[in-house]
Amino acid sequence: MHIQSMKKIIAVNLFIFFLIIGSNSFAQQSPVLGNFYLFESNAKIYLNWSIVSGSTCNGIKIFRSIDSTNFYEIGKIEGICGNIYSEQFYNFIDDNPVKNKCNFYKLELGNSGSSEIISIEIIGIEKNGFQLRPNPIVRNAKLYFDNVGHEQNKLVVFKNDGTIVFELTTRESFFDISGQNLSSALYLFYISAINNSIKVKGEFLVSH
């Protein structure tokens with residue numbers, strides 16, 4: 001065999017060898033987490049994240065904590081995660097977050113360590129249809145109620161004698177109440193829809 005032909009064979013083999021090595025190295029690159037965020041809807045927590053292209057891992061574990069220190073596994077996505085060619089998107093639904101607590105979440109991507117910790121607070125509406133935090137009011141408070149459709153609602157606060165103290169409107173699921181300009185006393189309130197139908201009635205105490 002000619003020396004020139006042997007050189008060509010060696011060159012081709014070396015090219016294939018380095019191509020395989022390079023491909024394996026690329027495929028085994030540690031996963032890089034893309035945008036990781038959560039949101040709440042109907043008392044459930046939706047986790048969304050991505051793994052950027054060129055990154056892979058073996059399985060994803062989802063953890064939750066209520067103190068940001070002690071985490072417990074609440075879910076797992078089996079199999080190879082990520083893709084060497086394109087960014088891959090994932091989601092997970094926590095059906096039973098801890099109400100009236102700050103819920104902390106993190107991801108474990110295979111054996112490549114954990115993600116950052118992100119958190120969200122879940123407000124559990126009580127049987128009377130609202131929750132006031134803090135209660136009693138000293139300075140400022142939030143009055144939470146169900147408003148899944150983000151409809152416009154009105155809060156009317158009044159005294160025992162029926163005198164209206166103030167009114168507020170919102171499309172959120174809460175009203176911000178300032179107690180700084182209110183005297184220490186018991187106040188009554190109701191929340192009504194845009195058609196004036198009363199949805200919630202209650203009372204709160206202001207204590208300075």
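Helices (H or I, at least four residues) and strands (E, at least two) are DSSP runs, numbered from the N terminus. This is a predicted model: local features need pLDDT of at least 70, side-chain atom pairs count only at pLDDT 80 or more, and totals for chains, interfaces and linings use all residues. Residues are numbered from 1 along each chain as its sequence is written, and side-chain values use heavy atoms, with hydrogens and water left out.

**View 1. The protein chain as a whole.** The protein chain has 1 helix and 14 strands. Of its 208 residues, 34% are buried (under 20% relative accessible area; exposed is over 50%, partly exposed in between; 1.4 Å probe, protein chains only). Contacts are heavy atoms within 4.5 Å. Among those in the protein chain with a separation of 6 or more, 54% join residues 24 or more positions apart.

View 2. Pro134 sits in the loop from β8 (130–133) to β9 (140–145). The bond from Arg133 to Pro134 is cis, with omega near -10°. Pro136 lies in the loop between β8 and β9. The bond from Asn135 to Pro136 is cis, with omega near 10°. Most peptide bonds are trans.

**View 3. His150, between β9 and β10.** The loop between β9 and β10 (153–158) holds His150. Its phi is positive, near 50°, and His150 is not glycine. Most residues other than glycine have a negative phi. His150 is partly exposed, at 41% relative accessible area.

**View 4. Asn196, between β13 and β14.** Asn196 lies in the loop between β13 (185–193) and β14 (198–206). Phi of Asn196 is positive, near 75°. Asn196 is exposed, at 55% relative accessibility.
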